[in-house]
Amino acid sequence: MSRAGVGLRLLLAVVAGLVVVASAPDALAVKHRRPFAPYIGLGYGFDNNFGAAGCLNYACAGSKCYDGHTGSDFPVGLGTEVLAGAPGVVVAVNQGCADYGYFGNPCGGRCGNYVRLQHADGTRTLFCHMKNGSIVVSVNQSVGCGQKLGLSASSGSSTGYHLHFGWTSGSTRDSFSGGCATGGAWVNQGSYSGAPGADCEVQCQCSPGQTQSQGCGRCGTQTRTCGGNCQWGGWSGCNGQGPCSPGQSESRGCCDCGSQARTCAGNCQWGGWSGCAGPNPAGAPACDTGGLGDCAAGVTRCVSGCLTCVSTREPSPELCDGRDNDCDGPTDEGATELGATPPPFGAELVDLSAPAALAPGEVASVWARFKNVGATAWPAGATWLGATPLEGAGASGLWVADGWSAWDAASVVASAVPPGGETVVSFPIAMPDGAPAATRFGLVVDGAPVTCPSPAFEVAPVALAAAPPPSGGKPSSGGGADATGSGGGSVDATGSSPDTAVAADTEPMLSGDDGETAAGDDVPAGDDAASGVSDGGDSAAGGGASARRDSGCAGGPAGGALWLGALAVGLGLAGTRRRRASARA
C-alpha cells in the first residue's frame with residue numbers, strides 16, 4: 001500500500017474515532033472484570049471503522065480485530081467457567097446449539113448458546129458460544145460480579161473454542177478504550193495485548209463519614225457510617241427498643257377468678273391493664289353474705305375478678321311471715337301486713353272492749369278477741385296475755401291481784417287455738433289512785449311475745465273524780481265505786497242487782513254516746529273475768545262485770561260514779577268495733 005493510502009486510512013480512522021467520541025455518551029457507571037478466571041488476553045477485538053473495509057481496533061491499529069466484528073473474543077478453552085463481569089439481571093438465555101459450530105451457523109442468532117445480562121446503568125453484556133446445557137442461570141435472575149453463568153465452547157457461528165463478550169449501550173460498543181474507542185467497560189483494562197483485570201468494581205456507596213440510620217426491632221434504631229473507601233460500614237446494634245411490639249397483647253390472672261389484659265401501643269410501650277373481670281362460677285354456688293335476715297342468702301359471683309357472695313334478695317318492707325324482710329335482724333318486727341307465707345306465730349286482734357274512763361279504785365272488765373293467723377297452734381295453758389306498763393317497770397297499775405293469772409299475765413288461754421281459730425281473753429282492771437294506768441297487753445306463746453300483725457293493744461282509761469256519798473248519809477262499808485257499784489249491794493252495769501241484771505254484749509262508747517243504750521255491756525260468751533282464765537272455745541257463759549254504767553239508772557250521778565263507754569287503744573286495730581246491744585234473758 002502507498003504512503004498516501006496509509007495516510008488516507010489513518011485519516012479515516014481518526015475521523016471514525018472522532019465520530020465515536022462525538023456519539024459516545026458520558027462515561028458509564030458500571031465497570032466489569034474479565035468474564036473468566038484464567039489470565040487470557042484479547043484474541044480479536046471490536047471493529048471500530050464503522051463499515052469501512054478492514055478493521056480498526058480500540059488503539060486504531062489493524063491487528064487483533066477483523067472486519068465487521070462487534071465484540072471482543074477471548075480464546076478460552078473448552079469448558080472454561082464464564083463469569084458475570086458485574087452485578088446484573090439475566091434478560092435472555094439460549095441453549096440447544098451444538099458445542100462446536102461453524103462459520104455462518106445461524107443457531108442462536110449466530111451466537112449459539114448464550115446469556116445476556118442487563119446492568120444498573122442500562123448497559124447490557126452478551127456471552128456467546130457457550131457449551132450446550134452448561135448455563136446455570138435463568139431469565140429474571142439477579143447475579144453478582146464474578147458469578148458463574150456457564151461454560152465456554154464453540155457453538156453457533158464459531159470456528160474454535162472462545163468466548164465472545166459483547167457490550168451494548170443503546171448500540172454495540174467496544175469494551176476497550178483507546179484512540180478509536182472511548183469509555184470502555186473494564187475496571188482495569190490491562191495492557192494492549194494483556195487481559196483485563198479480575199477485580200470487580202468497587203462503586204462508591206457513600207461519602208466518607210456519612211451516617212445513616214433506620215428503624216429496627218421494637219421501635220429501636222440502628223446506624224452505620226461510610227468508611228474512607230466510600231463503602232458503608234455494618235449496621236450497629238438495635239438501640240432504644242421498647243418492651244413490646246405494636247399490637248402485641250398479654251394477659252394475667254387477678255384476684256380469685258379474674259383476668260386482665262393489655263395491648264402494646266404503636267410506640268412499643270405497653271398500655272394500661274384492663275379492669276379485672278372473669279366468669280361466674282358454674283352452678284352459682286350458694287353462700288352466706290354475712291348479712292341479716294333474708295339478705296344473708298346469696299350466690300357466689302365473680303365481681304371485679306374476686307369471688308364474692310352476692311345477696312339474692314334486696315331489703316323490702318317487713319311483712320308478717322316469719323322472715324326478716326328488711327334485713328335488720330329482728331323477724332316480723334313492726335309488721336302489720338301478712339305475707340304470702342304465714343309466720344310460725346301470728347295473731348290478729350279481731351275485737352276489743354275496754355273502759356275509756358274510771359274513777360280511782362273502780363274495777364271494770366276488759367275483753368279482746370284474737371284470731372290465730374300463724375302456722376302453729378297456740379298451746380293451752382302456755383298462751384297468755386302479758387301486761388307491760390307503758391310507764392315505769394314492774395306490775396301494771398291496772399293489776400287486779402285476785403283477778404289476774406300473775407302480776408304480768410292478765411289472762412291465760414285454757415284451750416288450744418289452731419291456725420285460723422279464734423279465742424277471747426277477758427280480765428278485770430282496777431283504776432289506781434294517782435299511779436300511771438296505761439298498759440300494753442300482748443299475746444305470749446311459750447314464753448315468746450307474738451310480734452305480728454296485731455297481737456297487742458293498749459288500755460289507758462282516763463281517771464275520773466270520785467263520786468260523792470248519798471245525800472244526808474255516809475258511805476257504806478262497801479263504799480267506793482267498783483265493779484259492783486256503791487252502797488254495799490252487788491250492782492251490774494245497769495245499776496240493777498245481780499238477780500235482775502240483763503246480760504248484753506259489750507259496746508265501746510264512742511264520742512257523743514250518752515250511755516242510754518237498751519242494755520248494759522258484758523263480756524262475750526266463753527270468757528271468765530273473775531278467774532283471769534280465758535276459754536279458747538265459744539261456749540255460752542254469764543255476763544261479767546260491765547265496763548260502763550248507764551247515767552239514766554236509779555240513783556243518778558249522785559248515787560255512783562259516771563261510767564263512760566269503753567274506748568280501747570288496740571294496736572293494729574283499725575278502730576274500736578261498735579256492737580249493738582242485745583238483751584239476753
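## The chain at a glance

The chain has 2 helices and 29 strands, taken as DSSP runs numbered from the N terminus (H or I and at least four residues for helices, E and at least two for strands). This is a predicted model, so to speak: local features need pLDDT of at least 70, side-chain atom pairs count only at pLDDT 80 or more, and totals for chains, interfaces and linings use all residues. Residues are numbered from 1 along each chain as its sequence is written, and side-chain values use heavy atoms, with hydrogens and water left out.

Of the 585 residues, 40% are buried, meaning under 20% relative accessible area with a 1.4 Å probe, protein chains only.

Average pLDDT (the predictor's confidence in each residue, from 0 to 100) is 78 for the chain, and 75% of the residues score at least 70. Residues 472-523 stay under 50, with 110 contacts beyond four places in sequence; a contact means heavy atoms within 4.5 Å. Residues 525-532 also stay under 50, with 28 such contacts.

β19 (residues 363-372) is antiparallel to β22, and 9 bridges join them. Alanine 368 has valine 425 in β22 as its bridge partner.

Definitions and conventions. Pairing = 2+ DSSP bridges. Buried < 20%, exposed > 50% of the residue type's maximum accessible area, 1.4 Å probe, protein only.
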